[in-house]
Amino acid sequence: MLPIIDFKQCRPDVEVSDKEINETGQANGGCFVHSRFCISKELWNKKRNCRRTRNTADEIFNAPTDKKNIYKRNPITTFGYIGFSTEKVDPALPVDYKEAFNVPGCALDPSVGAKWPHELSPNFAPLTKSFMEECKSLALIILEVIAVGLQIKDRHVLQNAHQHLNLKHSLGGALKYLYYPPIKEDVKPEQKRLGEHSDWGSITLLFVDNTGGLQVFR
């Protein structure tokens, strides 16, 4: 059973006091020690923003393949479109049955020159940038709560280590849109939508719809 953490007092869209962060961190300290995955309650109060941003990504995925391939992922910046069945996270299995669009934090810096797909989805760039800044604010609050829960002496040490998110020289942090097209007869034996894997970042914010299907392994 996954632990459920109530973040009602610590949402990024409300004024959060030290007292509220302390109460949330202390009440859930055991979850941070014993679990690598949790369900967050009352954490995100901007579902409409999330849906609007997601819809702009779907405009890209629904475009013709030749148009999408114009915006293929840049191997240096990692920004761009990842074609259907071209990526896999488990080397022992066939390629994942999905498409994706990766937006690293550095892409928010205009000097990086990321090739945004304005032609396919005019609102994708502005909504994605805004959404990523909201996610950064949310992540920094969560990191402070975790530090309190773990009884780290400097409650801001994790926040300070992640202030570089969404900057040009950022080595971490990204927003990744995943798209799972309808299953056809071309599915290979043992092929998965997204194979079993471990995320490499400090934390992952996973936004899901009502369909479900996520499996969590220890």
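1. Let us start with a helix and a sheet: helix H3 (residues 47–61) lies across strands S3, S4 and S5, and runs at about 60° to S5. Helices here are DSSP runs of H or I with at least four residues, strands are runs of E with at least two, and both are numbered from the N terminus. Axes are lines fitted to C-alpha atoms, for helices over the stretch in contact, and angles run from 0 to 180 degrees between N-to-C directions.

2. A word on the model, which is predicted: local features need pLDDT of at least 70 and side-chain atom pairs count only at pLDDT 80 or more, while totals for chains, interfaces and linings use all residues. Residues are numbered from 1 along each chain as its sequence is written, and side-chain values use heavy atoms, with hydrogens and water left out.

3. Now the sheet itself. It is open and has 3 strands, in the order S3-S4-S5, with antiparallel pairing. Because S3 (80–82) and S5 stand at the edges with a single partner strand each, one side of each has no neighbour in the sheet. On average, neighbouring strands are turned by 20° against each other, direction ignored.

4. Look next at the pair S4 and S5. Strand S4 (residues 99–104) runs antiparallel to S5 and is joined to S5 by 6 bridges; two strands pair if DSSP finds at least two bridges between them. Within this pair, proline 104 stands opposite alanine 174 of S5.

5. Back to H3, which has a helix to meet as well. The axes of H3 and helix H5 (residues 124–149) come within 9 Å and cross at roughly 140°, and the two helices are therefore oblique to each other. For such angles, under 35 degrees counts as roughly parallel, over 145 as roughly antiparallel, 65 to 115 as roughly perpendicular, and the rest as oblique. The H3–H5 crossing is left-handed; that name applies if the near helix is turned anticlockwise from the far one by less than a right angle, and right-handed if clockwise.

6. Which residues bring H3 and H5 together? From H3 come Asn49, Cys50, Arg52, Thr53, Thr56, Ala57 and Ile60, and they meet Phe124, Leu127, Thr128, Phe131 and Glu134 in H5. Contact means heavy atoms within 4.5 Å.

7. H5 also crosses helix H1 (residues 18–27): their axes come within 7 Å at an angle of roughly 60°, which means that H1 is oblique to H5. This crossing is right-handed. On the H1 side, Ile21, Asn22, Thr24, Gly25 and Gln26 make the contact, and on the H5 side Glu144, Val145, Val148 and Gly149.

8. Asparagine 166 lies between helix H6 (157–161) and strand S5 (174–179), and counts as buried because its relative accessibility is 10%. Buried means under 20% relative accessible area, exposed over 50%, and partly exposed in between (1.4 Å probe, protein chains only). The side chain of asparagine 166 reaches the backbone oxygen of methionine 132 at 3.3 Å. Apart from neighbours within four places in sequence, asparagine 166 is in contact with Gly105, Leu108, Met132, Glu133 and Lys136.

9. The loop between S3 and S4 holds glutamate 87. Is glutamate 87 buried or exposed? With a relative accessible area of 13%, glutamate 87 is buried. The side chains of glutamate 87 and lysine 176 are joined by a polar contact of 3.0 Å. Such a contact is a pair of N or O atoms within 3.5 Å; within protein, one must be able to donate a hydrogen and the other to accept it, and residues adjacent in sequence count only if both atoms are side-chain atoms. Not counting residues up to four places away in sequence, glutamate 87 touches Arg73, Ile82, Val95, Asp96, Lys98 and Lys176.

10. Please also check two backbone angles. Most residues other than glycine have a negative phi. Serine 85, in the loop between S3 and S4, has a positive phi of about 55° although it is not a glycine. Glutamine 151, in the loop between H5 and H6, has a positive phi of about 60°. Glutamine 151 counts as exposed, at 72% relative accessibility.

11. Finally, alanine 107 sits in the loop between S4 and H5 and is buried at 3% relative accessibility. Beyond residues up to four places away in sequence, alanine 107 touches Phe79, Ala114 and Trp116.
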